[in-house]
Every structure is written in C-alpha cells, then in structure tokens.
Amino acid sequence: MEWINQNLPYLMAGISVGGQYALIAIGYTMVYGILRLINFAHGDIFMVAGLIMVYAMTVMPIYVAIPLMIILTVLLGFLVERVAYKPLRSAPRMSIMISAIGVSYLLQNLALYVTGGLSQQYPPIPWLSDTITVFGATTKRVTVITPVLTIILVLALVALIKYTKIGMAMRAASRDFETSQLMGIKINSVISMTFIIGSFLAAIGSMLFFTNYTGVTPTAGAMPGLKAFVAAVFGGIGSIPGAVIGAFIIGICENIIKGLGWTTFSDAFTFALLIVVLIAKPTGLFGEKVIDKV
Amino acid sequence: MKKRALSVLLAAAMVSTMLTGCSGGSSDSSSASTDASATDGNVVKIGVYEPASGDNGAGGKQETLGIQYANHVTPTVEIGGTEYTVQLDIVDNESSNDKGPSAAATLVSDKVSVVLGSYGSGVSIAASDVFKEAGIPAIGVTCTNPQVTEGNTHYFRICFLDPFQGTVHANFASEKFGAKKAYVLTKLGDDYSTGLGYYFTQAFEALGGEVVAETFQEGNSDFTSYITTAKKSGAEVVFAPSSTEAAALIIEQAAAQGLEVPILSTDTWDSNVILNAAKGKNLDIYVTTFYQEGANPEFDAGIKDWINSDSTAKANNGGDDTVSGLTVMGYDAYYTALEALKAAGSTDPAAVNEALWNVDYTGVTGHITFNETGDANRDTAYIKQANTETGAWEFVAEQSVSK
Amino acid sequence: MKKQTKIIWNVGLILGLLLVLFILEQVFPSGSMLFTVLKKGAIYALVAVSMNLLNGFTGLFSLGQAGFMLLGAYTYGILTIPVESRASVYQYFDGGIVQFAIPVPLALIAGGIVAAIFAYLIGLPVLRLKSDYLAIATLGFAEIIRAVFQWDKLGPLTNGSNLLRNFPAFKSVLYPFIVAGICIAIIVMLINSTYGRAFKAIRDDEIAAEAMGINLAHHKRLAFVISSFFAGISGGLLAMYQTTIQASMFKSAMTYEILLIVVIGGIGSVTGSCISSFLFIACSEWWLRFLDNDNLYIGSFHVPLLRAGFRKVVFAVIIMCVVLFYRKGIMGEKEFSIEGIANFFRRKFKKEKVTEGGASK
C-alpha cells in the first residue's frame, strides 16, 4: 500500500498528461490524414489558446471566458488554414510544410511580443484546480478529470466521423483526395472542418494542460506539440484511436522514466520509442499500409 | 564542373558586396537608442546586456529596472571635467546562450564604454569573449557562477558567488532544519542552476548529509514526477535553484501535491513572480538574496514612487512595487560603472577597465570593491522567507560563511 | 563564353571577394555587426547547402541537421580546448578525461567524421523510412543525441550540460569564408558528378532510378553521410564563431531555421541557399534590430508598436510572405552565375528592343 501511495502519482500524472497529448494529437492526425501535412503550427495554436484564456480571465467572468477562448481558438485554426495553407494546395508538399513552420514561428513571436517574453500565470479554474486526494495521493482534480473527458470527446468524435455526412466526407477525403472531389465533396469545407475540430480539441486540451502546469510561455506549445505529433505517428498517423492510444502510452512511459530517476532521458525516450516502432512497423501501430502506385 | 564550384563562391562574393554596399547606411541604424533628449554632444554609452524574454526574462527586466531607475536619478556624469549624458543601450539576450553573443555584438558595434549584465551566468559566459575581443569591460550584476570572471581581466561582478551561496544554503538546511537528506533539482544546460546544485551538494555532503539529485530539461512544464520523487525520497529539504519561470511551476506542483518540507532557493527566486505563485499556498519557501526591503527606507520610497509613476516599469516589475534584490543590484551596478568612468577620466573602454580594479563604492546593498579575479568582496547573504498569506518577503537571517 | 574565360572570370571574382573582405576588415572596426553577420552567414550557408544536398538533391526529407551540428561542435570543442584551461572548463569533472589538444583544422575534420559516423549508424535503420516518417525519425535522433550529450555520466567527456569554452576561435572573417567555400565547392563537385546525377534520379523517381540500376540504399546512405559530414564541419565553425557551446543550443528550432533558409533560397539551388542564408542572418540579427527600440522617432513622429520583440514579428511576417508568394524561393532550381547574369541582361536588352512584356526566364 505504501508503495502504491508513493508511486501512484507517476501513473496518474502519466495518464493525465497522456489525455492532454491525445487531444492535441487528434488535430495532427486528422490534418495529416487529409492533407498529408505535418501541421507544425498546431502546438502553437494550443499555446495561443492558453494565452487567450489568461487575458480573457482578467476582464470577464469564467463562464464567458471559456466559450470565448474556444471560439477564438477555433477561429484561429480556421484562419491559419485559409491564409497559410489553402493558397498552397497545389504547391509541392514541402512548401506547405514550410508555411506551417512559418506560422508556428509567427505565432510564437507574436506571443513573445504580446507577453513581453514573460511567463503568464494561468488563472485557476474553480473546481478543476481544486486539490483532491486519491488513494492517499494529493493532486489537482483536473488530473482525474482529464482522461475521462478525453475519452468522452474521442467517442463523440468517432461517432461524428462514422455517422454524419461531414464525417463521411472526411473519410472519403482522407482515402482519396482527388476522387472525393470528383464525387462532389466540397473539399474546402471538409478541410476547414478538420481544422475546426482539431483546434476545438486543442483548446480543451490547453485548458486541462495549463490548469495543471500553470505557466504559459511563447514556447509552451512546442514540446507538448512535438510529443503529441510523435504520439500521432506512433499510433499510426491518420488513425484517431491510434493517436489516442499512442498519446496515453507516451504520457505514461514518460512519467515512469522520470519516476525511475532517468530524468535526462524522459524526452529522448519518447523519440527512441517512436523510432523502434517505426522500424518494426513503418506506418505506426494502427496505421494502414500504404501501397505506392507506380 | 569546376565552373559551378566557382560560381557558388562567386555568389557568396556578390552577396557580401551587397552587404558592404548597405553597411554604410545601416551601421548607424543599429545604434537604436536615439535619445531625443541628448542635445549636447557629450554622451557616454553604457550597454545593458540583460534578458527581456525567455526563461530569465522576468529577472532580467527587474535588474534592468534598477539600472533605469539609477539612470533616472543620475542621468549625467562628470568625466575628466566635462559633463556627459549617460545613455543606456539596452539589448535583449533572450536568455539564450546562442542569441546572446549577437546581442553583445550589437553593443560592441554601438561603441559602449562599459557593459552591465547579465542576469544568468550562462549568457554572461557566452558573451564574455565578444566583450573581451572588443576590449570592453563588463560588470556582472547577479551572475553568480565562478566561471564568469575566472581567467579574464575584463569581467567584473558586484554579487557574491555560487560556492558561497551553495554553502550558505547547505549550512542553513542542516542548522535550521537539521536536515540529513536533501533533494536537489537543477535545470540541464543552465550553468547557473547546475553550478549551484554542485556546490550545494559538495557542502551538504561535507556536513554529512545525503543528496538526491535530479535534473529537468529546458521547456519542461510537468514537475509532477519531480515532486513525487522528492516526497518519496524522504528528503527533509528541497533545494531548487532555477529560473523564475520554472520556479512558478515547481511551486504550483509542490502545493498541488502537498509538499511538506521547506523549499530553499537562490537569488533568482527573489522576485514577486515567486510571491504571487506562492500566495495562499501552504509552502515554506526560503531564498538567499542581496537586499532586504526596508534596509534603506529612503531608497525604497524613491524607487517605489518611480515604479508607481511609470506603468511600463510597473509591468516590468511584475505588476506591483515590491523591490527585488535584483533591482537594487542593478541600481548599484550603474553607480559602480559611473565611479569607474569618473576614475578613468575618459570614456575609453580600456581606461574604464583599468579604473574598475580600484573602484571603491558603498551602495545600497553594501560596500563594493573588487578582488584580483574581478569578483566583489562580499561575504554576507540575506535569507528571507515568503509569507504566503500577505505575499511579502520576511527577513530570516543574515548569513556569512567563514572560509 | 568559352569555358576558359569563365574560369578566369570566376577565379578573379573569388579573389576579388577575398580582397574585398580583407580590405573591409582593415577599414571597419572589428566589432561591427557586418562581420558578425558575414561570419555567421558563411557558416549557415555551409549547413544550408549540406541540408540542400539531402532535401533538395536527393529528396530525402531529413530534420536531423541540428544533431549533426552538435556532434561536430562538441568534437571540435572537446579536442581543441587547451590542456591548461581544461581544469577550469571541466570544473565539476576534475578536468575531464581528454588531456590533449589537436590543431584546429584537424579538429574540424574530426568533427565532420564523427558526425558522418553517427549518420552512417543512424542511417542503417532510419533510411528505410519514407518521407515524413524519415523526417520525424531524424528529428527524434537529433533530440536523443542532445539528451545523451547532456547526461552527467558522460560529463568527463562532454562536460555534462554545461558550457564548453576557451577553445580557439577565429579572428578574421576570411576563415569561415575559406572553410565554408572549400566545403561548398566539394559539395558542388559532388552534385555534378555521377553520384550527383544518381541522387537527382532518386529524388525524381525512386522506382525508375532503381530500375536504371542505381543502388538506392547505397546512394541514400552516401548522401546522408556526406551531408552530415559537412553539417559536422559547420557545427565546428559555429562553435568557433560563438566561442561557447552547449548541447541545449542545438534544438529542433535550429533545424527549422536551416530548413527555412533552404526553402527560401530555393530547394535544389546551391547558390540560392548561400544567398538566402546571408539575407536570413542579416535580417534576423542586424537590419531589423531598430524595430526593437521603443523610442524611435521619424522627425518628431513617435513610431507606435515598437518594443522588444517587434523585430521578430516583422521578420516572421516577411518569411510568411516569401513562403506564400515566392513559392520557389529566391532562385528556384536555378543557379547563380556570371553567364546567367550576362544572358539575363542580354535577353532583357533584346526584348526591350523587340517587344514589351513576357517575363524573362
């Protein structure tokens, strides 16, 4: 029991961080599924969501601030796609990716300019930020809520993709971009929808993440973003369940590594795991096998 | 085939000639601080090499604030019988060892007479060679790592050193709390943090204690596991020298997990970022620093007035008028530089460098003279505790170490 | 132009460049930002060209450049710190285990070789992956290398996560130009050899290239190792430029910067990479700095919005504009040459005579 009490926090932190990665990873994996684009700016959208919340909470009550934060984040994701990716749809893939890096650079620098380079303290959110005790381990309530909320959201998303018309269009577009256009799918609205869903989940993820780890800096999105992306690749990019499972595995492994005292390697381990999986199964755990047409 | 190779080099040639073409016009535009008030021709430039963004941005801004306040109080200096207007040339080294040198190069090309800074030892070491090559002396304000001044003649500092600070903490931990086991958390790639961790460990082990040491990566925001390990290890104190940015996260996690042992930290934590983060939380936080508010009421009142009258200054100070030890050190550093300029009787960096060795100045934080390595002869540190109810620092002890 | 005249022209221009640099050094004070930009620009030009060899000419999308630069920089630093300063540099590790120093050029080459050896080992498993998977795997390796170099158990060799310093640095701006120039020349010769043609064939169509009898695995590995070798050398040069190095400098952001330089210059254009690296460095370090200053006056007009950090916002916006509106970069796939310039003017001249309109290609 003593052992469990001492080591439970690692596992809880792992599951919670895994859930937060999962919410970001879905954004990566859906965009990649349709556009074959590594959206490097996604992690920064996550960071901007955090900043919006910080500033919103200083002027308005929380029940206005949260919806506003979500709406603005979704709008940002939508705009980024329209301004930076849509004009490049016929350009080589490398160009879009560079555009994504450019957007990420721009968002980080804008955040640097607005915040003056200082870490912003994320406002405590009532109920979520409260301290609770689980099996003798003290933690914030958000740690426990995150995995539950993540799973609910993922189930809703899977249902959306499976049973609605737009979901069907998304599946068609990710299977074959050009044919789906020929079949009368409005590809631009499908892509916008993908970015909207991705940004929405990133906004929720950011709320959970920053409630737990309360400093918002211009580069706060970079590492979680990269890890979430790794999770998406790990689970098989393009697959939503894959991304979620990958994110949980990475979150838990990372914290176990830290718990074992190998803190220097906690990030490196994530990448090592990824490389091993890629070599053994080049399309990730749940990825579909891609057949190259000659 | 060769022609291609050649044409490549040729391209480089064209580009560089392009650059040369531009250099005539734009070399002046980089000397950005065009002070509108400097009407008479006699201007002496003091470079301020401090972080305004990145990990150490908050601390750097507070230190710069002290320098600006001092400049506000004493905007002119008499050098060799002529009145000079002091112009501050402030650059942001972004708390980053690879961006720092080019920020330093900007100062060099602006022809400053002396440089103040930086907060953070790593950036100071990184820029040291740039100043050395240009023959410009630098006065470190709160860079406490021994390597900053070691082995060179152009870098000075007015603060105490890490071996001293680490020892103070080790003594404090074992005397005040009777601690036998300490958990030390440092940041990878931060010379300040790793250095202090090392000296603390040395001193603490010499006192018969045991140390559990862990490190965190840059950009890490998840301190859950670290606090869990600290609790699990049974350590009686936590020693966490780190930047304020990480500090806020550490405090948040420590409170969330109900860490019961005291947290000790160093001069970087003497900031209202820490006070704000710790407010309303059940934590014991002790820091070592250079100055305790209230020691010089006249000075306190003056600077508070100034901070409150200037909204930018207030924002840079973290939104209130708590006087950080860093700000006071910045203030003293400015006057130290003025003393050196006066003694040198010239704005020539080499002369200022010579004059610095003999500077003898009594500032707000104490008496400042330099020893043969260019370090200040300082042997006392103030220890203060964060009052988590009122959000203010409380004086605990004045500690010195006999060597 | 005849081949010989061209060679004479080019040799003359290179000598001219070196002379100009030499004169500049005499005329301008050594602290001028011009030299900072020129030095760093030359180093980035080399690493950008080495990345271009991989991404632009071989079609291997690798994001490991920062990791190989780290290897080069550390090898250089570890091998050249004078023995007498080792005790102070490796202060926490009793002076470290390496107790000798070798001459600078040898250390630079050693840096390249170490990077190449690691590239070979990493390439064995990783080069089987395709496109984005390769990118993320190489990025991952760069991060792993960075973590390993920060490990305090390796401290006696790498000084843990602390700064390495006191190694020899270059005084003259000519040094990085000559080293980078030689390296880039070698890369250009390679690109124009049979190997270079094989690389391009692989880029354009792997399957067709294989059918033509090109050994895919061998050529990919070769390109990867060579690119890493030069990235290693540029890492060594970067160490000389910065005078201190630390593993935490070589973040993935650095790779992204280099990738931006390559793309802005034009994927598949060596001269484009060179030009854009100078422009990139000059913009980010020098020309835009005045934007960071909050009391800038034009006449008596106080320019609004300016304060610390604004420079970077403007810079990012410029980059976005270049990416969106000049998709092929400055040079596209073309190269810069005297002949090209001459042709350009000749054609322009003719065209103006004959007819207006129609962009010259």
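In helix α3(B), the buried residues are Gly100(B), Pro101(B), Ser102(B), Ala103(B), Ala104(B), Ala105(B), Thr106(B), Leu107(B), Val108(B) and Ser109(B). The model is a predicted one. Helix α3 of chain B spans residues 100-109, and because 10 of its 10 residues are buried, the rest of the structure largely encloses the helix. After α3(B) comes Lys111(B), a residue with a positive phi, near 60 degrees.

Chain B also holds an open sheet of seven strands with mixed pairing, arranged in the order β8-β7-β9-β10-β11-β14-β15. At the edges stand β8 and β15 (392-399) of chain B; each has a single partner strand, so one side of each is left without a neighbour in the sheet. On average, and with direction ignored, neighbouring strands of this sheet are turned by 25 degrees against each other.

Strands of a sheet pair through backbone hydrogen bonds, in either a parallel or an antiparallel manner. For β14 (residues 381-387) of chain B and β15(B), the pairing is antiparallel and runs over seven bridges. Within this part of the sheet, Tyr382(B) has Glu398(B), a residue of β15(B), as its bridge partner.

The description now turns to the contact between the chains. On chain B, 27 residues are in contact with 29 residues of chain A. Several elements of chain B each supply at least two residues of the side that touches chain A: α2 (57-73), β8 (210-216), α7 (224-233), α8 (244-256) and α9 (272-278).

Conventions. Residues are numbered from 1 along each chain as its sequence is written. Chains are lettered from A and ligands numbered from 1 in the order in which they are written. This is a predicted model: local features need pLDDT of at least 70, side-chain atom pairs count only at pLDDT 80 or more; totals for chains, interfaces and linings use all residues. Two residues are in contact if their C-beta atoms, placed from the backbone, lie within 7 Å. Helices (H or I, at least four residues) and strands (E, at least two) are DSSP runs, numbered from the N terminus. Two strands pair if DSSP finds at least two bridges between them. Axes are lines fitted to C-alpha atoms, for helices over the stretch in contact, and angles run from 0 to 180 degrees between N-to-C directions. A residue is buried if 20 or more other C-beta atoms lie within 10 Å of its own, exposed if 12 or fewer, and partly exposed in between; C-beta atoms are placed from the backbone.
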